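This report describes one protein model with its ligand. The sequence and the structure come first, and the notes follow.

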Amino acid sequence: DQYVHILDIPFINTTKEQFIAQQVLPALSQNIPLHIVTANPEIVMEAHQNPRYHQIVKEADYVVPDGIGVIMASKLVNNRLSERIPGIELFERMLEIAHDHNKSVYFLGAKEEVVEQAVTNIQYQYPGLDVAGYHHGYIDIHDQAVFDEIQTEEPDFIFVALGFPKQDEWIHHYKGIVGKGILMGVGGSFDVMAG
Ligand code: UDP
């Protein structure tokens, strides 16, 4: 089956490379905005307890299983998901694609010095990567200045590290007002990449 439902969250049943080839690359080339949630068990439980967050996750374009706990839960509903897709691996794969296809990237989230260091490290790892900009994540989710800056740049990828549920609330709102962008919440990834 293409979707496996766990606690009323529709997980797409795919592998990382298939997901990139069949969902990400076509949206990227046609400028179709995508909201991707890499959901671990904590996110599934938050959605289970928070109806508004549940609705946002359900309205995302794709929810992929991040973490062995989600794969185990899929066995319990007798509909095994093919593969765990860790958020950080998908994030790194997207950076590689942006680099290879000359697509621009924007980074929103984490503390000022963390996002700055993460961007420096990423630029070192992907020389020539088109960084449209970055901003720390200690903002209101409706912060107009940040929206305006990002809308002006029209980045192809926007990685949002605000923690959940905030990152998906931000993406949900932003996706409603712009015409393009692969939008993905990346949790604590900037902290990891800042080293
Ligand atoms: N974060 C942020 N703004 C906030 C809350 C958190 O930018 O209002 C950042 C935080 O600095 C960290 C990332 O979001 O880089 C993930 O935070 P946390 O570990 O709390 O969330 P989780 O990884 O559990 O989603």
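## G179 and its contacts

Leaving aside neighbours within four places in sequence, G179 is in contact with N31 and P33; two residues are in contact if their C-beta atoms, placed from the backbone, lie within 7 Å. G179 sits in the loop between α8 and β8 (182-185). Helices (H or I, at least four residues) and strands (E, at least two) are DSSP runs, numbered from the N terminus. G179 counts as exposed because it has 10 C-beta neighbours inside 10 Å. Between the C-alpha atoms of G179 and S74, which are 105 residues apart along the chain, the separation is 34 Å.

## Basis of the model

This is a predicted model, in which local features need pLDDT of at least 70 and side-chain atom pairs count only at pLDDT 80 or more, while totals for chains, interfaces and linings use all residues. Residues are numbered from 1 along each chain as its sequence is written.

## Overall fold

The protein has nine helices and eight strands. Its radius of gyration is 16 Å, close to the 16 Å that the globule rule gives for 195 residues, so the protein is as compact as a globular protein of that length. The radius is taken over C-alpha atoms, and the globule rule is 2.2 Å times the number of residues to the power 0.38. Along its principal axes, the C-alpha trace spans about 45 × 35 × 35 Å.

Of the 195 residues, 37% count as buried. Among contacts with a separation of 6 or more, 74% join residues 24 or more positions apart.

## Ligand shell

The ligand is surrounded by 14 residues, and the closest are A110, G137, G163, G187 and G188. A residue is near a molecule if its C-beta atom, placed from the backbone, lies within 6 Å of it. By type, the shell has six nonpolar, five polar and three charged residues. Here Ala, Val, Leu, Ile, Met, Phe, Trp, Tyr, Cys and Pro count as nonpolar, Asp, Glu, Lys and Arg as charged, and the others, Gly among them, as polar.

## Helix α1

Helix α1 covers residues 16-29, and its 14 residues should span 20 Å at 1.5 Å a residue; the end C-alpha atoms are 18 Å apart, which agrees. The expected span is 1.5 Å times one less than the number of residues.

The helix bends by about 25° at Q23, and a proline, P26, follows within four residues. The bend is the angle between axes fitted to the seven residues ending at a residue and the seven starting there. Just after α1, N31 has a positive phi of about 55°.

## Backbone in the loops

The peptide bond from F164 to P165 is cis, with omega near 5°. P165 belongs to the loop between β7 (157-161) and α8 (166-175).

For L7 the value is near 50°, and L7 lies between β1 (3-6) and β2 (9-12). For N78 the value is about 60°, and N78 lies between α4 (68-76) and α5 (87-100). L7 counts as exposed because it has 12 C-beta neighbours inside 10 Å, and N78 counts as exposed because it has 7.

L95 is placed in helix α5. With 19 C-beta neighbours inside 10 Å, L95 counts as partly exposed. Beyond its neighbours within four places in sequence, L95 is in contact with V105, I122, Y126 and L129. L95 and L108, 13 residues apart in sequence, are 14 Å apart in space, C-alpha to C-alpha.

I139 is found in the loop between β6 (130-135) and α7, and counts as partly exposed because it has 17 C-beta neighbours inside 10 Å. A145 lies in helix α7 (residues 144-153) and counts as exposed, with 9 C-beta neighbours inside 10 Å. A145 and Q117 are 28 residues apart in sequence and, C-alpha to C-alpha, 22 Å apart in space.

Methods. A residue is buried if 20 or more other C-beta atoms lie within 10 Å of its own, exposed if 12 or fewer, and partly exposed in between; C-beta atoms are placed from the backbone.
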